[in-house]
Amino acid sequence: MTAPLLPRVAAGDPTAVEECLDRYGGLVWSLARRYCGVAVDAEDAVQEVFVELWKSADRFNESLAAESTFVTMIARRRIIDLLRRRRGPTSGDLVEDIVDPSATPEMGGYELTEEVQRVRGFMLQLKDEERRVLELAISEGLTQTKIAEITGWPLGTVKSHARRGMMRLRKLVGAESDDRSAMATAKGGGTA
Amino acid sequence: MSDTLSPSAELPNDRLVELLADDAVFGLTADERHELDSLSGEADAEREAEVFGRAAAAFYLASAPIETETLPPRVRDAVLSRCGPTAPTEEPADVAAAARAMPKATPTDLLWPLAVAASLMIGVYLGGQSISGGSAGGGIAVEPADYAQQRVALLESGAPVTQVAWTPTDADAEIGGDVVWSPVEQRGFMTFSGLAVNDPAVEQYQLWIFDAERGDTYPVDGGVFDISAGDGETVVPIDAKIAVDQAVMFAITIERPGGVVVSDRSRLPLLAKVE
């Protein structure tokens with residue numbers, strides 16, 4: 001398992017900042033590209049995400065979540081806030097100018113953690129409609145309105161599926177986090 | 001698994017759970033955020049928001065393609081210049097000892113957290129006056145007199161220019177000077193008189209530019225600089241690391257050499273608010 005970097009960032013280790021960019025830059029960039037509609041927004045979003053990440057680094061608790069999950073959580077929140085603040089909800093549709101010709105696909109610098117593998121199992125426990133809405137919303141960054149257009153479901157139904165899916169997912173992930181936290185406490189482990 | 005989902009035991013309010021779920025998936029409108037804030041006192045909503053946020057993040061990682069794209073070099077550079085590690089390229093050659101102590105910690109009720117600092121600097125030395133502008137160009141010596149001339153030229157250019165005087169946060173401090181900023185050319189200068197000499201090995205001044213388009217939370221780093229012993233007015237060029245759409249306030253903080261990751265705002269000698 002790769003050693004987490006955020007505790008070093010929180011401690012002021014300057015080398016950890018660049019390592020963190022190397023490890024998670026692609027992840028955050030890909031997320032920003034998915035969620036933002038224009039390239040300039042994606043670039044600004046990446047900057048704001050990392051600023052927020054440095055500020056939040058001391059909140060990272062290894063016993064609760066994998067570092068990549070924490071980074072993704074911060075990134076999603078920051079990007080959604082940015083988009084809402086600047087120009088309202090995005091359609092989530094990528095436009096051509098966001099595609100950087102210098103950007104090349106690569107394997108993520110972060111590990112596909114056991115946690116993510118387990119969440120894949122959790123996803124199978126969601127109803128099809130719930131999983132569909134969450135995939136469009138979380139994975140593709142689409143708005144409720146856009147999802148309603150794509151699926152043909154009323155807006156209220158989209159919201160309902162999203163809420164119920166999230167509540168179900170929260171129970172599964174939350175229970176797991178509680179278990180991990182309890183185990184870490186029992187072992188005297190954990191950070192931050 | 002049961003289809004009947006009951007809210008968390010710690011969160012008896014159904015509406016609160018709905019808002020937390022909505023927030024994790026889509027984000028909230030201002031009205032919804034206000035409603036969430038009003039309900040959050042009822043339970044441990046902050047912890048629950050974290051759990052919902054982690055669940056959404058894990059869902060993203062589990063469902064998104066494993067392949068990611070490389071962060072473009074220009075974006076990486078922008079991140080590093082705004083919030084990267086300190087990378088001073090050249091120290092001033094002859095920094096005079098501090099003539100007097102730096103201003104004491106200045107409590108302020110400003111609500112903005114200063115964000116991450118980028119701290120590339122060049123050293124400039126002339127006649128006992130050492131100035132480290134925030135320029136990231138790397139060690140190109142520029143005469144302070146040139147800065148003064150460039151400032152005058154900018155003011156006389158006829159282009160729209162913002163000029164605002166510094167206001168010391170310590171009412172007893174006798175610090176003068178101003179900020180001249182060109183939103184069109186994205187450059188400007190600061191002048192200081194009476195600002196305490198600093199020892200760059202111990203601490204440096206840092207400029208922050210508040211942009212109306214970015215809000216108070218994320219001021220733009222305007223570079224680190226030093227004030228050395230000498231008489232008269234010191235002119236320091238502004239080096240905004242990224243474009244500033246509408247400058248609404250300038251602030252000077254005192255930070256460790258090279259700038260800070262997150263300012264604690266405890267030492268904030270000067271503000272210049274654009275009216």
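## Strand pairing in chain B

Let's start with a pair of strands: strand 7 of chain B and strand 10 (residues 234-237) of chain B run antiparallel and are joined by 4 bridges. Strands here are DSSP runs of E with at least two residues, helices are runs of H or I with at least four residues, and both are numbered from the N terminus. Two strands pair if DSSP finds at least two bridges between them. In strand 10 of chain B, Val235(B) is the bridge partner of Thr191(B).

Strand 7 of chain B is also joined by 4 bridges to strand 6 (residues 178-182) of chain B, again in an antiparallel arrangement. Here Ser182(B) stands opposite Arg187(B) of strand 7. Strand 7 (residues 187-192) of chain B has 5 of its 6 residues buried, so it is largely enclosed by the rest of the structure. Buried means under 20% relative accessible area, exposed means over 50%, and partly exposed lies in between, with a 1.4 Å probe and protein chains only.

## How the model was read

This is a predicted model: local features need pLDDT of at least 70, side-chain atom pairs count only at pLDDT 80 or more, and totals for chains, interfaces and linings use all residues. Residues are numbered from 1 along each chain as its sequence is written, chains are lettered from A and ligands numbered from 1 in the order in which they are written, and side-chain values use heavy atoms, leaving out hydrogens and water.

Which residue takes a positive phi in the hairpin of strand 6 and strand 7 of chain B? It is Gln186(B), with a phi near 55°, in a hairpin that has 4 residues between the strands. Gln186(B) is not a glycine, yet its phi is positive. Its relative accessibility is 27%, so Gln186(B) counts as partly exposed.

## Helix 3 of chain B

In helix 3 of chain B, 15 of the 19 residues are buried, so the helix is largely enclosed by the rest of the structure.

## Chain A at a glance

Chain A has 8 helices and 1 strand, in the order α-α-α-α-β-α-α-α-α from the N terminus. Of its 192 residues, 55% are buried.
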